[in-house]
Amino acid sequence: MDWLYRDALERALFGSCSSVEEQHFETPAHLARIRNIVVSSGGARGAVLFGAFKTLFTIVPKFMGQIERVAGTSVGALTAAMLATGISKKMLIEMGKVNFAAILGRQPIQKTGNRFTSFIRQCIRINLLLRLSQINFREKFQDHNPEMAREIQRQLCEPDIRLAKMTFAMLSYLREIDPEHFKELYITATVQDGSQQMFSAEMTPDHDIAVACRASASIPVLFRPVEMEIKGERKTLYDGGIVEYAPLQIFERKGVGAQEILVIVFEDSRKSIFDMAIRKERFLREGIIPLCTGIALEKPSSELKASVLKKIKDFYPHAITFAVDLRPTAFGKASSHPEKYAQIGQETMEVFLSRYS
């Protein structure tokens with residue numbers, strides 16, 4: 001992916017106003033009402049999303065232009081961050097080739113996630129550079145908070161990816177300049193006391209988006225939690241899907257109607273022969289994980305997930321459910337068969353879009 005970063009940096013710095021992809025098709029009327037996207041947790045099952053969004057961008061290339069806000073948790077946080085920072089179809093293809101098992105590391109438990117954080121930072125930088133290459137950066141930004149513009153340029157050119165960061169405030173600034181490509185971003189994580197931590201330009205303007213994604217994807221036991229100071233308070237953060245499988249409450253509190261939200265969730269497609277494995281997962285989720293993390297939940301996580309899925313089924317007409325034969329932690333299997341899971345994503349998205357044709 002380094003070649004894509006170098007190419008994107010050259011485009012942004014030295015100018016290229018050619019469009020990343022051509023747009024030919026109009027958005028169907030029913031889809032045109034959607035202004036928000038919510039992506040649930042799902043771990044390795046998120047491998048299907050590369051094929052899914054590549055298909056969406058191909059069939060309805062103007063769809064993201066109408067979107068105002070994107071929210072996600074766990075793997076959904078990574079997806080939301082990519083969408084909010086203007087990911088292109090070219091970048092989706094490149095990300096679909098990535099071996100996530102290698103990025104996450106060989107350590108079986110308590111992974112640091114440092115390489116994963118750097119990977120997210122690099123992806124965000126490429127997204128921004130590819131988009132900014134389509135406009136005259138200096139002319140567009142010189143009269144609009146020049147200090148922020150200079151800081152964004154500095155971060156985009158920072159040679160050490162471990163030191164580079166893109167904050168929620170920076171993304172909000174870019175959205176003011178180019179709302180067609182940059183979106184409001186909301187990411188959730190679980191605090192050790194069982195409460196929910198939301199990251200956004202309003203709540204956590206100076207926090208690094210990549211670190212927020214890493215915190216949101218901190219699957220207990222598999223990853224180390226993220227220690228972070230937020231508004232003067234030290235917090236230990238775990239996977240956001242523990243307390244809210246799909247972060248719908250963000251938009252519900254804003255009074256956003258269900259007709260205006262595209263909801264993306266995952267389900268296990270494994271058959272009865274795998275029942276023992278499924279029961280084992282439930283034991284880990286409801287027995288071992290609370291014991292190891294100290295997270296106090298009012299209800300078991302499976303009940304919380306079931307209630308969210310029921311709400312989606314009953315009230316949200318624009319919902320896509322991806323049936324995937326993967327454990328949430330099966331990143332090795334997902335990386336070994338990228339074409340298979342990209343195909344699942346593509347076919348599921350095609351079925352969903354056929355409802356509007």
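Which residues do ring pairs link into a cluster? Hello everyone, that is where I would like to start today. The answer is Phe50, Phe100 and Phe119. Please keep in mind throughout that we are looking at a predicted model.

The chain has 357 residues, and 54% of them count as buried. Its secondary structure comes to 16 helices and 8 strands. If you take the contacts in the chain with a separation of 6 or more, 79% of them are between residues 24 or more positions apart.

Now, the aromatic rings. A ring pair is described by how far apart the centres are and by the angle between the planes. Searching the whole structure turns up 6 aromatic pairs. One of them joins phenylalanine 50 and phenylalanine 100, with 5.9 Å from centre to centre and 20° between the planes. That pair counts as stacked, because the planes are under 30 degrees apart. What does this pair tie together? Phenylalanine 50 sits in helix α2, residues 49-59, and phenylalanine 100 sits in helix α6, residues 100-104, so the link is between parts 50 residues apart in sequence. Both partners are buried: phenylalanine 50 has a relative accessibility of 17%, and phenylalanine 100 has 14%.

Another stacked pair is formed by phenylalanine 168 and phenylalanine 199, at 6.3 Å centre to centre and 15° between the planes. Here a helix meets a strand: phenylalanine 168 belongs to helix α10, residues 168-177, and phenylalanine 199 to strand β4, residues 196-199, so parts 31 residues apart in sequence are tied together. Phenylalanine 168 is buried at 2% relative accessible area, and phenylalanine 199 is buried at 0%.

While we are on α10, have a look at the rest of that helix. It is mostly covered, with 8 of its 10 residues buried. Among the buried ones are Phe168, Met170, Tyr173 and also Arg175.

Let's return to α2, the helix that carries Phe50. How many of its 11 residues are buried? The count is 8, so this helix is mostly covered. The buried set includes Leu49, Phe50, Phe53 and Phe57.

α2 also packs against helix α16, residues 338-354, at an angle of about 45° and with the axes 6 Å apart. With that angle, the two helices are oblique to each other. The crossing of α2 past α16 is right-handed. On the α2 side, the residues in contact are Gly51, Ala52, Thr55, Leu56 and Ile59. They meet Ala342, Gly345, Gln346, Met349, Glu350 and Leu353 of α16. Sorted by class, this contact has 6 nonpolar, 4 polar and 1 charged residues.

Glutamine 110 is not a glycine, yet its phi is positive, near 55°. You will find glutamine 110 in the loop between α6 and α7, and it is partly exposed at 31% relative accessibility. Lysine 231 also has a positive phi, of about 55°, without being a glycine. That lysine lies in the loop between β5 and β6. Is lysine 231 buried or exposed? With a relative accessible area of 65%, lysine 231 is exposed.

Notes
Residues numbered from 1 in each chain as written. Predicted model: local features only at pLDDT ≥ 70, side-chain atom pairs only at ≥ 80, totals over all residues. Heavy atoms only, no water. Phe/Tyr/Trp six-rings, centres within 6.5 Å; stacked < 30°, edge-to-face > 60°. Helix = DSSP H or I, 4+ residues; strand = E, 2+ residues; numbered from the N terminus. Buried < 20%, exposed > 50% of the residue type's maximum accessible area, 1.4 Å probe, protein only. Axes fitted to C-alpha atoms, helices over the stretch in contact; angles between N-to-C directions. Parallel < 35°, antiparallel > 145°, perpendicular 65-115°, else oblique. Left-handed = near helix turned anticlockwise from the far one by under 90°. Contact = heavy atoms within 4.5 Å. Nonpolar A, V, L, I, M, F, W, Y, C, P; charged D, E, K, R; others polar.
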